[in-house]
Amino acid sequence: MAKQGLVSTDNLMTHLLEVILSHLALTCALLLAALAAIRWYIRDSYKVDGFNQKHVFITGCDSGFGNLLARQLDGKGFPVMAACLTEKGASDLEAVTSPRLKTLLLNVTDSASIRRAVEFVSKEVGERGLWGLVNNAGRSVPIGPTEWMQLEDFTKVLDVNLMGVIEVTLKFLPLLKKAKGRVVNVASILGRLSLTGGGYCLSKWGVEAFSDSLRRDMQHFGIKVSIIEPGFFKTAVTRLDLIEADLRRLWTRLPRDVKDSYGDTYLADYVKAQGFSMSILCSPDISKVTWCMEHALASLFPRTRYAAGWDAKLFWIPLSYLPSFVSDFVINVLLPLPKALK
Ligand SMILES: *[C@@H]1O[C@H](CO)[C@@H](O)[C@H](O)[C@H]1NC(C)=O
């Protein structure tokens with residue numbers, strides 16, 4: 001009896017010891033994770049110094065992200081060179097910024113225009129080189145059902161959003177190398193998940209791939225490359241009046257039999273569904289995006305990818321990792337069905 005009692009006390013002790021040890025292990029793991037998170041937050045908050053010596057060149061400053069970023073960086077003391085497509089965009093921006101900010105005209109699909117921009121920037125930065133290149137200029141239309149597109153509808157968007165980014169980057173690399181600078185490329189959640197037809201999603205997938213290659217190839221020279229992936233924000237890219245007017249153009253030129261296969265009400269249904277989704281999804285707070293851009297330029301350890309907006313972080317990017325049948329289902333819910341399938 002006594003012996004049995006002794007054995008069960010032993011068992012109890014062993015059991016207790018096991019419980020204590022496993023709790024200790026769990027506590028240690030949690031503590032380590034917390035320390036790693038704190039270390040990441042501290043590291044993430046380190047800034048480079050001497051903003052007023054760090055020249056930044058931004059494309060697409062007429063409106064939207066580029067315009068706000070130019071004003072924001074100008075306010076922080078960065079010497080900003082803001083490239084606009086239109087004279088009006090440039091003069092409006094100059095009216096609300098310090099004399100330190102310089103504007104210039106740039107059409108990213110025109111090699112001569114890019115060459116002039118490089119000359120301008122080269123004179124401005126001198127021996128210091130260029131600290132930041134922000135490839136922000138972009139367009140969305142024509143965007144819509146793939147079957148409604150012709151080849152030039154794709155190239156119109158690809159020329160600006162992808163070839164433009166590539167040519168501008170290549171031409172500015174020597175100046176960036178001199179400063180061991182940063183490249184910040186504006187992609188999109190549509191560079192992770194292809195939601196619509198037309199050149200836009202293709203161009204943003206291209207920007208993702210180009211940026212990944214560039215980052216790996218240029219890291220040896222001290223150049224850092226960051227990719228911004230905004231969700232849906234209210235800018236010229238998501239302007240429904242422009243997108244809808246162009247959709248009408250695409251629809252009108254379709255042959256009768258193609259229109260019939262969609263049904264007479266399809267365009268109206270499509271425009272309505274798109275308007276409804278955009279009204280829910282589009283955030284007016286574009287500073288979430290320019291915060292990411294500024295972090296990529298001003299922090300000591302810029303991140304490789306920045307998801308901007310709750311929809312990007314919590315919905316689109318997680319969705320992009322799920323199997324295609326899941327994302328196909330979600331995307332199909334957002335758009336109307338052609339007549340034949342109703
Ligand atoms: C930009 O340049 C292209 C190619 O030279 C030209 O076709 C286009 O009209 C220009 N766009 C603007 C807005 O000037």
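In this predicted model, the ligand is surrounded by four named residues: Leu-85, Asn-107, Thr-109 and Asp-110. Sorted by class, this shell comprises one nonpolar, two polar and one charged residues. For Asn-107, an N or O atom of the side chain is 2.2 Å from an oxygen atom of the ligand. For Thr-109, the separation between a polar side-chain atom and an oxygen atom of the ligand is 3.2 Å. Taken on its own, the ligand has 360 Å² of accessible area, and the protein covers 34% of it.

The next topic is empty space within the protein. Rolling a probe the size of a water molecule over the atoms shows where such space is left. The second largest pocket holds about 310 Å³. Its lining consists of 17 residues, and those that lie nearest the centre of the pocket are Leu-195, Tyr-266, Ile-331, Asn-332 and Leu-335. Helix H9, spanning 266-281, and helix H12, spanning 324-334, are the elements that each give two or more residues to this lining. Of the elements, H12 gives the most, with three residues. In terms of class, the lining of the second largest pocket divides into 10 nonpolar residues, six polar residues and one charged residue.

A further segment is identified by annotation. In an unreviewed entry, UniProt places the feature "transmembrane region" at residues 20-42. In the model, the span 20-42 is 100% helix and 0% strand, and its end C-alpha atoms lie 33 Å apart.

Two details of the backbone remain. Most residues other than glycine have a negative phi, and most peptide bonds are trans. Against that background, where does a cis peptide bond occur? The cis bond joins Val-141 and Pro-142, with omega at about 0 degrees. Pro-142 is placed in the loop between strand S4 (132-135) and strand S5 (143-144). The second detail concerns Lys-180, which is not a glycine but has a positive phi of about 45 degrees. Lys-180 also belongs to a loop, here the one between helix H5 (151-179) and strand S6 (182-186).

Key:
Residues numbered from 1 in each chain as written. Predicted model: local features only at pLDDT ≥ 70, side-chain atom pairs only at ≥ 80, totals over all residues. Heavy atoms only, no water. 1 Å grid on protein atoms, 1.4 Å probe; cavity = no way out; pocket = protein on both sides within 12 Å on 5 of 7 lines; lining within 4 Å. Points joined across faces, edges and corners; volume = space filled by probe spheres on them. Helix = DSSP H or I, 4+ residues; strand = E, 2+ residues; numbered from the N terminus. Nonpolar A, V, L, I, M, F, W, Y, C, P; charged D, E, K, R; others polar. Near = heavy atom within 4 Å. Polar contact = N/O pair within 3.5 Å; in protein donor to acceptor, adjacent residues only side chain to side chain. Areas by Shrake-Rupley, 256 points an atom, 1.4 Å probe, with all protein chains shown as cover. UniProt positions renumbered as here; feature names shortened; annotations may be inferred.
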